[in-house]
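Subject: Structure handover

Hello,

I am passing the structure on to you, with notes on what was found in it. Please look through it first and then read on.

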Amino acid sequence: MNQPLTVQVYCRVTVTVHDPAAVTGLAVQQLRDSDIDWATEEDDLETASAELGADLLNSLAGLADPGTLFPAVPAIEITGARIWAEHGDPHPRFQPGFEDPT
């Protein structure tokens, strides 16, 4: 049997948000529907919902699901994904061929 191989897959997408309230609303609804033990959290549900509802970038990033990236590929597991959103043009570091000027 072959040994599992761990690789990094980098992905950048440009997203145009036409209705920010719809995005934040869905993120807040998913937060409310999640199975979080709020007794062990620093915030409570209402505080976390209000903070998420006021933050479009975190709401958008939270809705991205890396588990659906390779739906038809057998025998892979996606773990350790980090997804974030930023305003503006992409950073040069995330462009093909970028070399860190050290």
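Leaving aside its neighbours within four places in sequence, which residues is Thr-24 in contact with? They are Leu-52, Gly-53, Asp-55, Leu-56 and Ser-59, where contact means heavy atoms within 4.5 Å.

Before the rest, some notes on reading it. This is a predicted model, in which local features need pLDDT of at least 70 and side-chain atom pairs count only at pLDDT 80 or more, while totals for chains, interfaces and linings use all residues. Residues are numbered from 1 along each chain as its sequence is written, and side-chain values use heavy atoms, with hydrogens and water left out.

Thr-24 and helix H1
Thr-24 lies in helix H1; helices are DSSP runs (H or I, at least four residues), numbered from the N terminus. Thr-24 has a relative accessible area of 11% and is therefore buried. The cut-offs are under 20% relative accessible area for buried, over 50% for exposed, and partly exposed in between, with a 1.4 Å probe and protein chains only. The side chain of Thr-24 also reaches the backbone oxygen of Ala-21, at 3.3 Å.

The core
The largest nonpolar core has five residues: Ala-27, Val-28, Leu-31, Ala-48 and Leu-52. Such a core is a set of buried Ala, Val, Leu, Ile, Met, Phe, Trp, Tyr and Cys residues joined through side-chain atoms within 4.5 Å. Helix H1 (20-33) and helix H2 (45-53) each supply at least two residues of this core, and H1 gives the most, with three. Leaving aside its neighbours within four places in sequence, Leu-52 is in contact with Thr-24, Ala-27, Val-28, Leu-31, Asn-58 and Ser-59.

H1 against H2
Two packed helices are described by the angle between their axes and the distance between the axes. The axes of H1 and H2 cross at roughly 160 degrees and come within 9 Å. Axes are lines fitted to C-alpha atoms, for helices over the stretch in contact, and angles run from 0 to 180 degrees between N-to-C directions. H1 and H2 are therefore roughly antiparallel to each other. Angles under 35 degrees count as roughly parallel, over 145 as roughly antiparallel, 65 to 115 as roughly perpendicular and the rest as oblique. On the H1 side the contact is made by Thr-24, Ala-27, Val-28, Leu-31 and Arg-32, and on the H2 side by Leu-45, Glu-46, Ala-48, Ser-49, Leu-52 and Gly-53.

Ser-49 is found in helix H2 and counts as buried because its relative accessibility is 4%. Its side chain reaches the backbone oxygen of Leu-45 at 2.8 Å. Beyond its neighbours within four places in sequence, Ser-49 is in contact with Val-28, Leu-31 and Arg-32.

H1 against H3
H1 and helix H3 (residues 56-63) pack with their axes 9 Å apart, at an angle of about 60 degrees. The two helices, H1 and H3, are therefore oblique to each other. H1 makes the contact through Pro-20, Val-23, Thr-24, Leu-26, Ala-27 and Gln-30, and H3 through Leu-56, Ser-59, Leu-60 and Leu-63.

After H3
Leu-69 lies in the segment after H3 and, at 43% relative accessibility, counts as partly exposed. The C-alpha atoms of Leu-69 and Glu-42 are separated by 31 Å, the two residues being 27 apart along the chain. Ala-75 is also in the segment after H3, and its relative accessibility of 87% counts as exposed. Its phi is near 65 degrees, a positive value in a residue other than glycine.

Regards

Key:
Polar contact = N/O pair within 3.5 Å; in protein donor to acceptor, adjacent residues only side chain to side chain.
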